[in-house]
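Open the structure in your viewer and keep the selection tool at hand. We will go stop by stop.

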Amino acid sequence: NEMEKQMKILVTGGYGLIGHNVVGKLKKNHSVLQSYLKQIPEITYRQIPDPSGDSCTFLSWFLPSSNDAEKVIETFKEAGILPGNFYWFANNWHYIRKWDHLKNVQSLSSLHETQQKALAALNTKSFEKSDAIMSRCISTAISLTWSESQIHEKGAAMLKVIEKAIS
């Protein structure tokens with residue numbers, strides 16, 4: 001596919017992947033990590049309309065409830081494996097729920113009146129359908145630098161911690 005052709009690059013920096021297909025490496029690591037998470041029947045995944053077009057930079061997965069997602073994130077913290085796992089629902093720059101600076105029409109520079117009105121309108125909008133989805137979602141960054149043993153160690157650690165959190 002054209003995207004993969006364009007993504008075939010030589011990485012000459014600290015990645016140590018000289019001559020490797022970057023998307024191919026991401027897809028492999030994504031697949032290995034997902035094979036661990038698939039052992040937990042409660043976990044579901046987002047629908048990807050064109051799987052061949054997915055660059056696999058993140059594996060986004062859903063737990064049955066926001067309570068479960070919050071417990072998993074807390075247990076990841078306790079186990080020291082949170083880095084690289086993102087709970088966008090509680091993040092202040094990736095999801096509207098925490099965009100108070102925009103909802104309060106605060107900006108470092110002046111905003112046009114149209115922008116001010118549009119931002120102020122955010123306070124009257126409901127995002128309950130999005131909240132219901134995002135509150136259950138955790139996204140795991142997929143690294144190019146993981147060795148075969150590291151990806152398996154990460155998958156096994158995540159599996160153990162998730163099972164503990166939702167049992």
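A search of the whole structure, which is a predicted model, finds 0 disulfides. Select C56. C56 is buried, at a relative accessible area of 7%. Now select C137. C137 is buried too, because its relative accessible area is 4%, and buried means under 20%.

**The sheet**

Switch to a cartoon view and find the strands. There are 4 in an open sheet. Read them across in the order β1-β2-β4-β3. Their pairing is antiparallel. Which strands stand at the edges? Select 44-45 for β1 and 85-86 for β3. Each has a single partner strand, so one side of each is left without a neighbour in the sheet. Strands of a sheet pair through backbone hydrogen bonds, either parallel or antiparallel.

Zoom in on N85. Opposite N85 stands T140 in β4.

**Helices on the sheet**

Next, select residues 66-79. This is helix α3, which packs on the sheet. Helix α3 touches β2, β3 and β4. Compare its direction with that of β4: the angle is about 35 degrees.

Move on to residues 22-37, helix α2. Helix α2 lies across β1, β2 and β4. To see its angle, show β2 at 58-62; α2 runs at about 20 degrees to β2.

How far does α2 reach from its first C-alpha to its last? The span is 23 Å for 16 residues, close to the 22 Å expected at 1.5 Å a residue.

Show the side chains of α2. Its buried residues include V22, V23, L26, V32, L33 and L37. Also among them are K25, N29, H30, Q34 and Y36.

Now step back to N21. N21 caps the N-terminal end of α2. Look for a side-chain oxygen of N21, 3.0 Å from the backbone nitrogen of V23.

**A loop to finish**

Select V105. V105 sits in the loop between α4 (100-103) and α5 (113-120). Is V105 buried or partly exposed? V105 is partly exposed, with a relative accessible area of 29%.

V105 and L119 are 14 residues apart in sequence. In space, their C-alpha atoms are 5.9 Å apart. Leaving aside residues up to four places away in sequence, V105 touches L111, Q116, L119 and A120.

Terms used:
Residues numbered from 1 in each chain as written. Predicted model: local features only at pLDDT ≥ 70, side-chain atom pairs only at ≥ 80, totals over all residues. Heavy atoms only, no water. Disulfide = S-S within 2.5 Å. Buried < 20%, exposed > 50% of the residue type's maximum accessible area, 1.4 Å probe, protein only. Pairing = 2+ DSSP bridges. Helix = DSSP H or I, 4+ residues; strand = E, 2+ residues; numbered from the N terminus. Contact = heavy atoms within 4.5 Å. Axes fitted to C-alpha atoms, helices over the stretch in contact; angles between N-to-C directions. Expected span 1.5 Å × (residues − 1). Polar contact = N/O pair within 3.5 Å; in protein donor to acceptor, adjacent residues only side chain to side chain.
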